[in-house]
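Subject: Structure for your review

Dear colleague,

Please find below the structure that I am handing over to you. I would be grateful if you would read the notes that follow with the structure open beside them.

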Amino acid sequence: MTNISIISKDNCTGCSACITICPQKCIEMQVDEEQFNYPKIDEKKCIDCGLCLKTCPADAPTQLYDNLEVYAATGKNKAIVEKSSSGGAFILCAQYVIEKLNGYVCGAVLEDGLNLKHKIVNTMDDVQKMQGSKYIQSDMENCFEIIINLLKAGKYVLFSGTPCQVAGLRKIVKKGEDYLFTLDLICHGVPSAYAFSYYMKKMYGEEEYSNFTFRQRNKYLLTSYPYFHENVQKKRDRYKLIEAFEDPFYQSFIEGNNYRESCYTCRYAQARRCGDITIGDCANSNAYKSLLGRSLSSIVVNTEQGSKLWNGVKEQFEYVIADYEKEVKLNKQLHEPVNRPNKREDFYYDLKEMGNDDFKEKYCSKRGLKEKIKHFILWHIPVKTRIKLKKLMGRI
Ligand SMILES: Cc1cc2nc3c(=O)[nH]c(=O)nc-3n(C[C@H](O)[C@H](O)[C@H](O)COP(=O)(O)OP(=O)(O)OC[C@H]3O[C@@H](n4cnc5c(N)ncnc54)[C@H](O)[C@@H]3O)c2cc1C
């Protein structure tokens, strides 16, 4: 059986819109040598209708919107927001859709260790598994098809994902748009999830992971970037924390060495957005004195549908009107895609071929004295004390 690709590999985001729309069901995802998913057409079954290309958000872009309202916000209920990456924008929107609209939520869940997949759920217990950013690409599986059927049945659905995933979904939803709410993340770029699983086994030799997270918050840091996980098989050393700077895969995520090729030319890394609401880490958080010391989400309301959702949830937040121009200036992903570094060329080849020590040597940059001192201060002086000190120094 010969398979042919749909659009150029450099542009395909792997969103799965083409698979969902195909009337012949003759497209399926296959992993390439870097373990990213790409759609392949079985040309024996293909009737050349061209629907796959017409709905491809990389080939024919989805509509983008200028923002209507912009906020810096954090959830009032600290217990529920604690597991979130920033201010809990996602979980509070999800709670509203499940509890008030009796609807469904689609988001990314780490399953059976390190497999990242989009799932559709309708209970708070399940939706909490979606909280937290996972810095690898999520597999959409057949979520778009299920969402289309839910919308047709008059059920509310909240979809949360990267802008390219939101763009893909918007291209294929024809009926029931009034029931769909979309949250697009401000997004850096995504590394290959399957390569990540392979890497973790090769580097750390662990067999089973549970409660794996990519971000942590504690009394020292409002947000930090370590892998943190539990190994249920172990009695001793059950919990493990590996900071981004000491791990070549994580450090490469931060530097942009391991993204999907389409991320470097992402047409959605800009101020105009494709989701009803855009959520991200508030980059200008120090400017909002009343919320100082809190972890803040940027909440950018882009459409009337987004306003409906925001009006339903805003009571759950402490929030201030935010300066979007400043946010765009400070948050690179709101004005341009990440540059493709030279190291991207070798990353996935090196991952397979290099020994762990050489791989670490190449992809973990050396930290200077200044960075080491900053790290020491951050991990030894609690956030509240740092804020008090800053205020005191300001007065002086
Ligand atoms: C790969 C990636 C890169 C990001 N880059 C930036 C950035 O450069 N600047 C910035 O301001 N913010 C970025 N974010 C967004 C940020 O990390 C937070 O997700 C955002 O601030 C929302 O926080 P929250 O507290 O509302 O929700 P959270 O509890 O963090 O949940 C956010 C939602 O993200 C979804 N999600 C998590 N991981 C993935 C994934 N891999 N693919 C698709 N959906 C996912 C979850 O399903 C959940 O619905 C990125 C997120 C991801 C996943």
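The notes below go through the core, the helices and a few single residues in turn.

Please keep in mind that this is a predicted model.

The core

The largest nonpolar core has 102 residues. Those with the most contacts inside this core are A72, C93, A94, V97, I147, V157 and L158. Helix 4, which spans residues 89–100, supplies the largest share of the core, namely nine residues. As one example of the contacts made there, A94 touches V105, V127 and L158, leaving aside residues up to four places away in sequence.

Is F90 buried or exposed? It has 27 C-beta neighbours inside 10 Å, and F90 therefore counts as buried. Apart from residues up to four places away in sequence, F90 touches S84, Q131, S160, L183 and I279. F90 and D184 are 94 residues apart in sequence, yet their C-alpha atoms are 10.0 Å apart in space.

Helix 4 also meets helix 10, which covers residues 304–313. The axes of helix 4 and helix 10 come within 10 Å and cross at roughly 85°, so helix 4 is roughly perpendicular to helix 10. At this crossing, L92, C93, Y96 and K100 in helix 4 meet L309, G312 and V313 in helix 10.

Helix 6 runs over residues 143–152, and its buried residues are C143, F144, I147, I148, L150 and L151. Seen down the axis of helix 6, these buried residues fall within an arc of 165°, so they line one face of the helix.

What do the buried residues of helix 6 pack against? Their partners are helix 1 (17–21), strand 5 (104–111), strand 6 (115–121), strand 7 (157–161), helix 7 (163–172) and strand 8 (180–185).

E141 lies in the loop between helix 5 (124–127) and helix 6, and it has a positive phi of about 40° although it is not a glycine. E141 is partly exposed, because 15 other C-beta atoms lie within 10 Å. Just after helix 6, G154 takes a positive phi of about 80°.

Another glycine, G176, is found in the loop between helix 7 and strand 8. G176 has 18 C-beta neighbours inside 10 Å and therefore counts as partly exposed. Not counting residues up to four places away in sequence, G176 touches L151 and K152. G176 and L150 are 26 residues apart in sequence and 8.7 Å apart in space, C-alpha to C-alpha.

Helix 12 covers residues 344–353, and F347, Y348 and L351 are buried in it. Seen down the axis of helix 12, its buried residues fall within an arc of 75°, so they line one face of the helix. On the other side of helix 12, E345, Y349 and E353 are exposed. Helix 8 (193–204), helix 9 and helix 13 are among the elements that cover the buried residues of helix 12.

How do helix 9 and helix 13 cross, and at what angle? The axes of helix 9 (residues 248–255) and helix 13 (residues 356–363) come within 9 Å and cross at roughly 25°. Angles under 35 degrees count as roughly parallel, and helix 9 and helix 13 are therefore roughly parallel to each other. Their crossing is left-handed. The residues that meet are P248, Q251 and S252 in helix 9, and F359, K360 and Y363 in helix 13.

N211 is placed in strand 9, which covers residues 210–213. N211 has a positive phi of about 50° although it is not a glycine. With 11 C-beta neighbours inside 10 Å, N211 counts as exposed.

With kind regards

Notes: Residues are numbered from 1 along each chain as its sequence is written. This is a predicted model: local features need pLDDT of at least 70, side-chain atom pairs count only at pLDDT 80 or more; totals for chains, interfaces and linings use all residues. A nonpolar core is a set of buried Ala, Val, Leu, Ile, Met, Phe, Trp, Tyr and Cys residues joined through C-beta atoms within 7 Å. A residue is buried if 20 or more other C-beta atoms lie within 10 Å of its own, exposed if 12 or fewer, and partly exposed in between; C-beta atoms are placed from the backbone. Helices (H or I, at least four residues) and strands (E, at least two) are DSSP runs, numbered from the N terminus. Two residues are in contact if their C-beta atoms, placed from the backbone, lie within 7 Å. The arc is that of the directions from the helix axis to the C-beta atoms. Axes are lines fitted to C-alpha atoms, for helices over the stretch in contact, and angles run from 0 to 180 degrees between N-to-C directions. Angles under 35 degrees count as roughly parallel, over 145 as roughly antiparallel, 65 to 115 as roughly perpendicular and the rest as oblique. A crossing is left-handed if the near helix is turned anticlockwise from the far one by less than a right angle, and right-handed if clockwise.
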